[in-house]
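Hi,

Here is the structure I promised to pass on.

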Amino acid sequence: MKADSRIVEAKVIVTCPARNFVTLKITTADGLHGIGDGTLNGRELAVAAYLREHVVPCLIGRDADRIEDTWQYFYRGAYWRRGPVTMAAIAAVDVALWDLKAKRAGMPLYQLLGGRCREGVTVYAHAGGHSIDDLLESVAKHVELGYKAIRVQAAVPGVPDAYGVGHGTKPYEPADGDLPREETWSTPKYLRFMPKLMDAVRTRFGFDLALLHDGHHRLTPIEAAGLGKSLEEYGLFWLEDATPAENQGAFRLIRQHTTTPLAVGEVFNSIFDCQRLIAEQLIDYIRASVTHAGGITHMRRIASFADLYGVRTGSHGATDLSPVSMGAALHLDLSIPNFGIQEHMPHAALTEEVFTHAYSYAQGMMHPGEAPGHGVEIDETAAARFPYKRSYLPVCRLEDGTLHNW
Ligand code: EZ4
Ligand code: CO
């Protein structure tokens, strides 16, 4: 059949197999299709409407082969630039087009991106516990599964809702409320507890295991500096989201006080969110993701820029990014020189009923597989069985009731 890359259909699929996902499926005149993820946790329908009402009409008739031009069309052409909704919508288009182009070329996406730079993608898993002992068991389970890098989070004595710990025996999955759940937080209790936690993990597992920790934006810069300092002897792989980064200069203060490596950026949507952080070498890992930062096209730009300053990538890979996002991320991770690590939070079994994927995990590493495109497909019949369900992330308050960063 003669190649005809004109876009004839673009469909937005919203489905909730264990959690909500927004998927864009683009079909070309010669019958090929590509899919992209546009999921924005807790604000899913805003992206779906943005795509349906404002993006899809402009896609019909465009040449799917013109990926960069299409990116520019939706970024510059919209006049209103950046923002999480816009950039997730652009990402959905961009990843679908890269998927299509790689399928058309008959190669896995990483080949189209320049080929592999390494054997596989080192990933880190989440361990969590209601106590230090509980956490140690969770770490042990992940070590058994072959993980070489593990994020450790545990309940903090005296704090009802520490970040990163599941409810009851359920795994940690924060978007669980029909309305936002309210959590309570105490920074002083957390800061006193953290060295004890890390000490217990190092005592049991030694120093070969890479340990990561997520502060989830809850500290001020000076508190973050203190935490980094108090954890130096435990040799963390990174301290994540130590403080919010709207003010990029805030990281200078942390940097001046500690050699604990810093990672930030899972909520970033543009290269301009990390321009200073990278150029002034205030961070070590940039956590932007394919879905939330404008797709493969924009993530490649961020990664290349970061490479100039010795900053490596460590993309967000939570379950609120769909398997499509994970597939795309793994192709990018494999093909860029300054890859650092990839977050891996396995999806629920129900999610995997709707999304099939060529990527796989073994012995602490993932590989995107050799299927043409990014290797992830959506089963639309299965997707239709799981209608959208409104769910919010929690909000966080200090003990005196002040609204804080979740
Ligand atoms: O809490 O994606 O590092 N991972 C994280 C995530 C976030 C969720 C929020 O939706 O911080 O687990
Ligand atoms: Co995080």
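Let me start with Q363: at 55% relative accessibility this residue counts as exposed (buried means under 20% relative accessible area, exposed over 50%, partly exposed in between, with a 1.4 Å probe and protein chains only). Q363 sits in the loop between β14 (360-362) and β15 (365-367), and its phi is near 50°, a positive value in a residue other than glycine. Helices (H or I, at least four residues) and strands (E, at least two) are DSSP runs, numbered from the N terminus.

Before the rest, some housekeeping. This is a predicted model, in which local features need pLDDT of at least 70 and side-chain atom pairs count only at pLDDT 80 or more, while totals for chains, interfaces and linings use all residues. Residues are numbered from 1 along each chain as its sequence is written, chains are lettered from A and ligands numbered from 1 in the order in which they are written, and side-chain values use heavy atoms, with hydrogens and water left out.

Y79 lies in the loop between α2 (67-75) and α3, and is exposed, with a relative accessible area of 62%. L145 is in the loop between α5 (132-144) and β5 (149-154). Leaving aside neighbours within four places in sequence, L145 is in contact with Y361 and Q363, where contact means heavy atoms within 4.5 Å.

Which residues are the protein donors of the cobalt ion (ligand 2)? They are D214 (OD), E240 (OE) and E266 (OE), lying 1.9 to 2.1 Å from the ion. Donors here are N, O and S atoms within 2.8 Å of the metal (3.2 Å for Na, K and Ca); water is not among the atoms, so sites may look incomplete. In sequence, the donor residues follow the spacing D-x25-E-x25-E. D214 belongs to strand β7 (residues 210-214) and E266 to the loop between β9 (262-264) and α9 (275-279), so the pair ties together parts that are 52 residues apart in sequence. Both D214 and E266 are buried.

The arrangement is irregular, because the six donor atoms around the cobalt ion (ligand 2) subtend angles of 24 to 179°. For the cut-offs: four donors count as tetrahedral if all angles lie between 85 and 135 degrees; four count as square planar and six as octahedral if opposite donors are over 155 degrees apart and all others between 65 and 115; anything else is irregular.

H217 is in the loop between β7 and α7 (221-230) and is buried, at 12% relative accessible area. Not counting residues up to four places away in sequence, H217 touches D241, A242, T243, P244, V267, N405 and W406.

The axes of α3 (residues 84-105) and α10 (residues 295-308) come within 6 Å and cross at roughly 100°. That makes α3 roughly perpendicular to α10. Axes are lines fitted to C-alpha atoms, for helices over the stretch in contact, and angles run from 0 to 180 degrees between N-to-C directions. Angles under 35 degrees count as roughly parallel, over 145 as roughly antiparallel, 65 to 115 as roughly perpendicular and the rest as oblique. From α3, M87, A91, D94, V95 and W98 meet G295, I296, T297, H298 and R300 of α10.

α2 and α10 pack at about 90°, with their axes 9 Å apart. Here I67, E68, W71 and Q72 of α2 make the contact with T297, H298 and R301 of α10.

A306, in α10, is buried, with 0% relative accessible area. Beyond neighbours within four places in sequence, A306 is in contact with I278, I286, V311 and N338. K103, in α3, counts as buried at 17% relative accessibility. Apart from residues up to four places away in sequence, K103 touches H33, G34, P372, G373 and E377. The C-alpha atoms of K103 and G34, 69 residues apart along the chain, are separated by 8.1 Å.

Cheers
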